[in-house]
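Subject: Handover of a structure, with notes

Dear colleague,

I am passing on the structure below, and I would be grateful if you could read the notes that follow alongside it.

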Amino acid sequence: IAGLNESKIGNIAYTRNSKAQMNKFKNLVKDLNKLTDDNPALVSGDFIHEDTVKHTQSQVCATHLKDEDSKNEIYQIVNFKDESYPRADANSYYIKFPKGTWVEILNTDDKKYGGKGLTNQNTIKSNGGDNVAINLAGNSTLMFKKISE
């Protein structure tokens, strides 16, 4: 019975490191909920299929969501591989962005979520045709919001 009582949610004695990691995950969930509330494209947006990118070898996939009513647009990039860019043989990861000016609004590799901090601080300007260089951590998700044409 003592073991059962110790395993109840309110009675678990977490280590300091475990508590810190759980708080970082809690921050991520909080920020994801806020992004969903603030960006209609994440809830009711349509996929812009011609902007979908699938890089099979590097295991990176990107999708473009747009809500016509609000004109809100999100470009989401997911790296399913445990490989980060920049790396020794490549300075950045190159991916085709939809046309416009984009700003990173979420990066799961941010230090506040327990990552290493491989984020994209600058706005990204794309003509819709060329590949754009980004920082991309392994096993991470990035979300960019369109801020202008």
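**Notes on the structure**

The side chain of His64 makes a polar contact with the side chain of Asp51 at 2.6 Å, where a polar contact is a pair of N or O atoms within 3.5 Å, of which, within protein, one must be able to donate a hydrogen and the other to accept it, residues adjacent in sequence counting only if both atoms are side-chain atoms. Please keep in mind that this is a predicted model, in which local features need pLDDT of at least 70 and side-chain atom pairs count only at pLDDT 80 or more, while totals for chains, interfaces and linings use all residues. Residues are numbered from 1 along each chain as its sequence is written, and side-chain values use heavy atoms, with hydrogens and water left out.

His64 lies in strand S3, residues 60-67; strands (E, at least two residues) and helices (H or I, at least four) are DSSP runs numbered from the N terminus. With a relative accessible area of 4%, His64 is buried, a term that means under 20% relative accessible area, with exposed meaning over 50% and partly exposed in between (1.4 Å probe, protein chains only). Leaving aside neighbours within four places in sequence, His64 is in contact (heavy atoms within 4.5 Å) with residues including Asp46, Phe47, Glu73, Tyr75 and Trp102.

Turning to the interior, a nonpolar core is taken as a set of buried Ala, Val, Leu, Ile, Met, Phe, Trp, Tyr and Cys residues joined through side-chain atoms within 4.5 Å. The largest nonpolar core has 17 residues, of which Tyr75, Ile77, Ile95, Phe97, Ile134 and Phe144 touch the most other members. At least two residues of this core come from each of S3, strand S4 (72-79), strand S5 (93-96), strand S8 (131-134) and strand S9 (141-148). A second, separate core of 8 residues includes Leu28, Leu65, Leu106 and Met143.

S5 and S8 run antiparallel and are joined by 4 bridges, two strands being paired if DSSP finds at least two bridges between them. Ile95 stands opposite Val132 in S8, and Val132 belongs with Ile134 to the covered face of S8, whereas Asn131 and Ala133 make up the uncovered one.

The structure also holds 5 aromatic pairs, for which rings of Phe, Tyr and Trp (its six-membered ring) must have centres within 6.5 Å, planes under 30 degrees apart counting as stacked, over 60 as edge-to-face and the rest as tilted. Phe97 and Phe144 form an edge-to-face pair, with 5.0 Å from centre to centre and 80° between the planes. This pair links distant parts of the chain, since Phe97 is in the loop between S5 and strand S6 (100-107) and Phe144 is in strand S9, 47 residues apart.

Finally, a search of the whole structure finds 9 salt bridges, each defined as a side-chain nitrogen of Lys or Arg within 4 Å of a carboxyl oxygen of Asp or Glu. Lys66 forms one with Glu68 (3.9 Å, N to O) and another with Glu73, the closest N and O atoms being 3.9 Å apart. Glu68 is partly exposed at 41% relative accessibility, whereas Glu73 is buried at 5%. Glu83 forms a salt bridge with Lys81, again with the closest N and O atoms 3.9 Å apart. Salt bridges that share partners join Lys66, Glu68, Lys71, Glu73, Lys146 and Glu149 into one network.

With best wishes
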